[in-house]
Number of protein chains: 2
Amino acid sequence: MFKRKSFQNLIFATMINPFTDEYFMKKALQEAEMAYEKGEIPVGAIIVVADKVIARSHNLTELLNDVTAHAEMQSITAAANFLGGKYLKDCTLYVTLEPCQMCAGALYWSQISKIVFGARDEQRGFITMGTKLHPKTTVVSGVMANEAADLMKRFFLERRK
Amino acid sequence: MFKRKSFQNLIFATMINPFTDEYFMKKALQEAEMAYEKGEIPVGAIIVVADKVIARSHNLTELLNDVTAHAEMQSITAAANFLGGKYLKDCTLYVTLEPCQMCAGALYWSQISKIVFGARDEQRGFITMGTKLHPKTTVVSGVMANEAADLMKRFFLERRK
């Protein structure tokens, strides 16, 4: 009986809140796949406030010939535009890859509440590079990391061919 | 006679190359003054290649409601647009204030050849924050630093009133 009840509770909890980190990361992964199809390094990002997606974007550095056109940068600009203010309080960024120095620096200025990222970028990610986030920002890492990393690996393997 | 000759040499040298770091920093300061007049934190930037200004901009974070609209970021995008490529090789950025983490991170990706900045930003500049620049990038600091710092001080003093 106990087992059955906890299973029921689990079902109930899922019914109450389908908006898990995985739920939103899937949307960021869809963006990463769009980048992949365009021949861009496949990174996708979305910004969420109160379970609502207010910005979605993917890396466009090649198409725009612009090193600043990372997925996160575009989402920060789009979310601020949507909110009508430059601070992203109560917002969560979901991004398939660990942000770089530039993006972490932009997130610092935005005072975003939460960052959820998928795969680590051991070489150029903000953790290795030592970039400081805003004290108000919490970080969750490793959400659907394998899916994000696989997409990256597939991209660079195809590129080498 | 010696003195006269070295004075002549100095004149001659100035005639050959009027394009000193101060010459270009004055243009960046003009941009900073434009930001000041709009009520923006007064930071200006230009990008130069072969003594030609290919981008000029000033901070527009308030007007655009966008933390990413720093002077440097806009100049990086504009210069890449002008050059038709995202790498800013053989380019020099002149900026009135030491770049922040975000801007230094963008400059890292751009592989810019040289950064010349005016005043230090002891609190949030890339030096204090430990942001890494590209190994190809050289840095010159302190060019017209007093002028840039005075403009900043004047701005924050007026704001407090």
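Rings of Phe, Tyr and Trp (its six-membered ring) pair if their centres lie within 6.5 Å, and planes under 30 degrees apart count as stacked, over 60 as edge-to-face and the rest as tilted. A search of the whole structure on this rule finds 16 aromatic pairs over all chains. This is a predicted model, in which local features need pLDDT of at least 70 and side-chain atom pairs count only at pLDDT 80 or more, while totals for chains, interfaces and linings use all residues. Residues are numbered from 1 along each chain as its sequence is written, chains are lettered from A in the order in which they are written, and side-chain values use heavy atoms, with hydrogens and water left out.

**Aromatic pairs**

- A:Tyr36 and A:Phe155 form an edge-to-face pair, 6.1 Å centre to centre and with 65° between the planes.
- This pair links distant parts of the chain, since A:Tyr36 belongs to helix α2 (residues 21-37) of chain A and A:Phe155, 119 residues apart from it, to helix α6 (residues 145-160) of chain A; helices (H or I, at least four residues) and strands (E, at least two) are DSSP runs, numbered from the N terminus.
- Both A:Tyr36 and A:Phe155 are buried, where buried means under 20% relative accessible area, exposed over 50%, and partly exposed in between (1.4 Å probe, protein chains only).
- In chain B, B:Phe155 and B:Phe156 also form an edge-to-face pair, at 5.2 Å centre to centre and 85° between the planes.
- B:Phe155 is buried because its relative accessible area is 7%, whereas B:Phe156 counts as partly exposed because its relative accessibility is 27%.
- Ring pairs also link A:Phe19, A:Tyr23, A:Phe24 and A:Tyr94 into a cluster.

**The interface of chain B and chain A**

- The contact (heavy atoms within 4.5 Å) takes 28 residues from chain A and 28 residues from chain B.
- The two chains bury about 2500 Å² between them, with 59% of it on carbon and sulfur atoms; buried area is the accessible area (1.4 Å probe) that two parts lose on being put together, summed over both.
- Of the area that chain B buries against chain A, 28% is supplied by B:Val67, B:Lys86 and B:Trp109, more than by any other three residues.
- The rule finds two salt bridges across this interface, a salt bridge being a side-chain nitrogen of Lys or Arg within 4 Å of a carboxyl oxygen of Asp or Glu.
- A:Glu62 forms a salt bridge with B:Lys86, and their closest N and O atoms are 2.8 Å apart.

**B:Gln101**

- B:Gln101 is found in helix α4 of chain B, and it counts as buried because its relative accessibility is 2%.
- Leaving aside neighbours within four places in sequence, B:Gln101 is in contact with residues of both chains, including A:Gln101, A:Tyr108, A:Lys132 and B:Arg124.

**Positive phi angles**

- A:Ala50, although not a glycine, has a positive phi of about 50°.
- A:Ala50 lies in the loop between β1 (44-49) and β2 (52-58) of chain A, and it counts as exposed because its relative accessibility is 72%.
- B:Met144, another residue other than glycine, has a positive phi near 55°.
- B:Met144 is found in the loop between β5 (138-141) and α6 (145-160) of chain B, and it is buried because its relative accessible area is 16%.
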